[in-house]
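Dear colleague,

Please find below the structure that I am handing over to you. My findings follow it.

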Amino acid sequence: MAQQKVVVIGGGLAGLAAAMKLAELGVAVDLVSLTPVKRSHSVCAQGGINSVNDQTRPLGDDEWIHFDDTVYGGDFLQHQPPVKEMAYWAPKIIDLMDRLGVTFNRTPEGFLDRRRFGGTLFKRTAFAGATTGQQLLYALDEQVRRYEVAGLIKKYEYWDFLAPILDAGGQCRGCVIQDLVSMEIRPLAADAVIVASGGPGLIYGRSTMSMACNGSAASRCFQVGVKYANGEFIQVHPTAVPGSDKLRLMSESARGEGGRVWVPRTPQDSRPAAQIPESERYYFLEDRYPEYGNLVPRDIATREIFNVCTKEGLSVESERLCVYLDLTHLPREMLDTKLGGILEIYEKFQGVDPREVPMKIFPAVHYSMGGLWVDYERTADGGLTAASPRNQQTNVPGLFAIGECDYQYHGGNRLGANSLLSCIFSGLYVAPSVVSYFQTREATGEVPPALLEQEGRRHQERHDALLKRRSGKENPYLVHQELGNLMTRAATVVRDNDDLRSAIETVHQLRDRADRCALSDTGNWTNQNVVFTKSLIDMFPLALSILQGALARDECRGAHYKPAFAMPGIEADSPEEKRRLAEAWCDRFEENTKKWLKSTIAEYDSSSREVRLSYEPVDTTLIPPRPRLYGLVGAEVIEEVWKERLASRAGDVSGNGSGAGTKETVAAS
Amino acid sequence: MISRSKTSPEHVEVRVLRQAAPQQRSYWERFRVAYEPDMNVISVLQRIAARPRTADGQDVTPVAWDCNCLEEVCGACTMVVNGRVRQSCSALVDRLLEENPAEIELRPMTKFPVLRDLMVDRSRLFRALEKVKAWVPVDSYHDMGAGPRQSPEAQQESYPYSQCMSCGCCLDACPQYRKIELIQRDDETDEQFAARQAATYDRNFVGPHAIAQAILFNQNPTGQMNADERVEALTAPGGVQVCGNAQNCVSVCPKEIPLTTAIAQAGRAATVHSIKRWFDR
Ligand SMILES: Cc1cc2nc3c(=O)[nH]c(=O)nc-3n(C[C@H](O)[C@H](O)[C@H](O)COP(=O)(O)OP(=O)(O)OC[C@H]3O[C@@H](n4cnc5c(N)ncnc54)[C@H](O)[C@@H]3O)c2cc1C
Ligand code: SF4
Ligand code: SF4
Ligand code: FES
């Protein structure tokens with residue numbers, strides 16, 4: 001049999017992990033990336049990567065609880081088998097990264113040091129200073145370079161993925177790519193294509209993501225028929241530093257290491273932070289969430305910071321919304337060894353030393369839980385069938401998706417330090433699945449040269465037409481700015497149906513305006529103008545999926561928060577009344593689960609250029625969904641009622657809250 | 001606090017050294033961008049891209065440049081700003097105006113072939129990482145348990161080297177690193193051209209970044225097993241002996257990587273290696 005070839009789109013953690021594993025399995029890889037792979041967005045990840053470990057096990061932690069934390073944090077919106085598999089693989093993945101030479105921080109005895117991240121009570125997070133993503137990416141980049149030297153991997157850096165190539169039977173047979181320097185358009189034949197193109201942050205204008213995170217590759221798959229799932233679930237990170245070109249992340253590890261969030265009790269207190277006495281500081285997260293304190297899950301921290309500034313008017317500054325993130329009470333030396341990298345970034349870009357003066361931060365768009373729909377094959381005990389060709393495969397045969405651009409692992413909300421894990425996991429896990437796909441698919445023979453030629457020509461014509469476009473005077477950069485502002489207003493922390501409806505209308509107008517954009521550069525050499533305009537045009541299908549998904553989903557779940565459909569806590573004086581309200585609360589919760597615990601599936605109709613929604617059930621057979629009660633008034637009574645209901649159903653008493661008791665529930669049911 | 005001149009200027013004057021394509025003549029073009037607080041060179045270039053018109057009102061093509069992370073960790077956006085090679089994303093306009101209130105001057109890196117305007121071809125930099133085998137040659141990616149234990153001190157020593165983002169500042173500043181610009185011949189396939197490039201790069205100075213990476217992997221307990229191969233590469237033509245110890249590299253490295261320490265270590269290792277080889281003959 002001829003050597004099989006796979007094209008991998010994207011060289012972040014996911015793409016590199018897939019490429020090196022495929023190479024190890026003897027498959028040739030063409031690795032395509034907008035940027036040199038070593039400069040991929042994954043370098044930005046600061047905080048770390050999660051796994052159960054020998055320090056957490058003695059405290060009662062195990063893979064099941066990591067799994068439970070992940071689905072609970074994700075508000076149960078993810079299929080459970082892939083998440084379970086990932087949690088069980090996590091320790092092995094960290095072992096592998098350790099073997100590859102990642103400079104993880106160490107304990108005095110020489111083991112990997114760990115820190116605590118949001119949404120868990122255990123110190124699961126391995127880290128390399130405050131540049132964990134960089135170190136992980138480099139380790140994989142080095143392995144890929146090794147296989148490049150060996151001749152199994154060929155890199156196409158500074159190339160743009162324009163579209164997958166589907167044959168008459170709808171199978172993916174390769175893709176069309178474009179050289180960003182020479183502008184050459186080239187069809188690549190392949191036995192399979194894996195998309196690992198990361199998140200779509202640029203749709204929001206400024207975010208914590210990098211400039212290559214424009215969502216174009218995912219959108220181009222979506223536009224040829226791949227389903228896009230749960231698009232409305234966009235994580236807004238609670239702590240970012242506002243800048244004119246980018247909103248720079250301040251990692252959760254700042255809170256993990258003891259950072260405290262507060263605002264002055266007096267609105268816009270003009271004294272320097274250090275002169276405001278303890279009693280006049282409002283540590284609102286610690287106050288409202290005594291158990292998790294500053295480390296509540298992201299969606300909650302974000303909403304609280306947002307509300308404290310907008311609703312409660314307690315923003316530190318008046319012209320710019322922000323709260324303090326305070327590290328000044330922590331020892332300098334510890335800050336330097338554990339958080340050096342991120343503190344330097346703050347210092348460098350703000351000109352202030354965060355070891356001396358509390359940082360000023362505000363939420364920013366950070367991560368997309370939604371993404372390309374992918375399949376998986378489940379085992380009887382609820383894990384994944386290793387090397388099943390269904391794993392990570394989209395609904396287009398031969399087209400796979402991994403990393404942040406798939407929708408599989410994080411449900412309604414991603415826990416900190418779980419994304420690097422899902423990226424590496426899906427990248428390693430997809431490789432044998434792709435190999436099985438070669439063996440199981442129907443023999444298709446050579447990719448017809450006519451098909452390649454035809455697809456190449458189609459994209460060449462589109463490109464030429466764009467360059468020649470003289471009509472209209474719209475400026476792609478200004479249209480993009482408007483799109484970003486609109487999306488940030490309508491589809492981030494707080495969502496409202498009227499806003500969403502009007503945003504959908506405006507997005508249509510912006511799309512039509514983008515169609516009329518004229519280029520300021522009509523040349524055919526390193527033309528960044530035309531590349532940007534193409535990516536802008538491709539933002540609209542995803543923007544519509546996000547907005548329509550959000551409009552349709554009349555509930556609150558994870559990062560998707562619509563106050564009109566919130567389930568407020570319960571306040572009553574008498575215990576009987578409390579019970580009654582808690583019963584009603586739980587009834588409503590169960591009703592809502594029945595109605596809304598389902599994945600949003602968006603499909604694109606290329607003739608009308610409209611997005612159609614449908615829904616798919618979620619596999620929650622391993623851990624029954626339960627209410628997320630973080631900080632809710634009356635949480636104790638609700639929890640009590642909920643436990644009783646569960647117990648009467650399972651014929652067994654089991655816990656809620658931290659999830660530690662859930663294992664028994666499942667074992668018993 | 002960032003010291004802001006009391007009266008912030010209304011405009012920032014920016015002079016850019018442009019070049020349409022490789023081998024073409026370069027030329028200066030002047031732009032005027034409305035001042036905003038907290039600007040960096042990237043946001044200046046973004047404003048120029050959105051409205052590419054020179055200070056004297058001519059419509060021109062937008063300036064091409066490279067960037068990705070915008071937080072000085074990807075290494076993409078290196079250029080020569082006000083005469084100093086650095087990352088343009090962390091080059092804050094207020095600071096630059098303190099250096100020179102009249103204008104900001106942007107030039108492409110000087111040691112790498114210009115592709116267009118501020119975009120250069122840095123593939124030679126990555127080729128050097130191949131030459132010194134900057135990786136841990138593990139047996140497989142199967143589950144073999146954890147890696148070797150390491151003391152926190154060893155980690156602290158290696159960690160700075162592992163932060164090298166391949167930006168190339170050190171190379172641009174190094175007097176021993178000379179620009180190599182090859183042109184693909186008409187009779188050459190892409191593969192043949194790539195091979196000729198690689199061979200030429202390999203004969204010339206690897207550069208301080210690659211020396212530091214060789215040291216990083218020689219410090220790694222598993223990487224150590226192949227230490228000789230890396231030292232061999234550093235002893236070959238274009239190796240550590242080319243370094244004239246000018247120390248320019250270390251002073252421009254945005255990540256403050258101890259390049260001269262690495263170079264000294266590599267030099268010692270190379271000497272020991274040569275003596276050993278001499279005895280082994
Ligand atoms: C500031 C920041 C900090 C973070 N910190 C953490 C953390 O501490 N822990 C954690 O678990 N997660 C963290 N995350 C999330 C995590 O970093 C990302 O989800 C993850 O790195 C994504 O990896 P990826 O491989 O999917 O994609 P990326 O690393 O984004 O790579 C995408 C690749 O696709 C390529 N590409 C994109 N479009 C195209 C196209 N059209 N054509 C060709 N190539 C294309 C790009 O060039 C790139 O190589 C953080 C995210 C941010 C923004
Ligand atoms: S010390 Fe060596 S490598 Fe560094 S700048 Fe000088 S000559 Fe170049
Ligand atoms: S050593 Fe420093 S200057 Fe040189 S490439 Fe690495 S990070 Fe850049
Ligand atoms: S854009 Fe990444 S270093 Fe400047």
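How many residue pairs are in polar contact between chain A and chain B? The count is 36, with both residues at pLDDT 80 or more; a polar contact is a pair of N or O atoms within 3.5 Å, where within protein one must be able to donate a hydrogen and the other to accept it, and residues adjacent in sequence count only if both atoms are side-chain atoms.

This is a predicted model, in which local features need pLDDT of at least 70 and side-chain atom pairs count only at pLDDT 80 or more, while totals for chains, interfaces and linings use all residues. Residues are numbered from 1 along each chain as its sequence is written, chains are lettered from A and ligands numbered from 1 in the order in which they are written, and side-chain values use heavy atoms, with hydrogens and water left out.

Chain A brings 70 residues to the contact and chain B brings 79 (heavy atoms within 4.5 Å). Together they bury about 6,100 Å², 51% of it on carbon and sulfur atoms (accessible area, 1.4 Å probe, lost on being put together and summed over both).

Five salt bridges are found across this interface (a side-chain nitrogen of Lys or Arg within 4 Å of a carboxyl oxygen of Asp or Glu). B:R116 and A:D521 meet through their side chains in a salt bridge, at 2.9 Å from N to O.

Ligand 3 has around it residues including B:C164, B:H209 and B:L259 (a heavy atom within 4 Å). Its shell divides into nine nonpolar, three polar and no charged residues (Ala, Val, Leu, Ile, Met, Phe, Trp, Tyr, Cys and Pro count as nonpolar, Asp, Glu, Lys and Arg as charged, and the others, Gly among them, as polar).

How values were computed
Buried area is the accessible area (1.4 Å probe) that two parts lose on being put together, summed over both.
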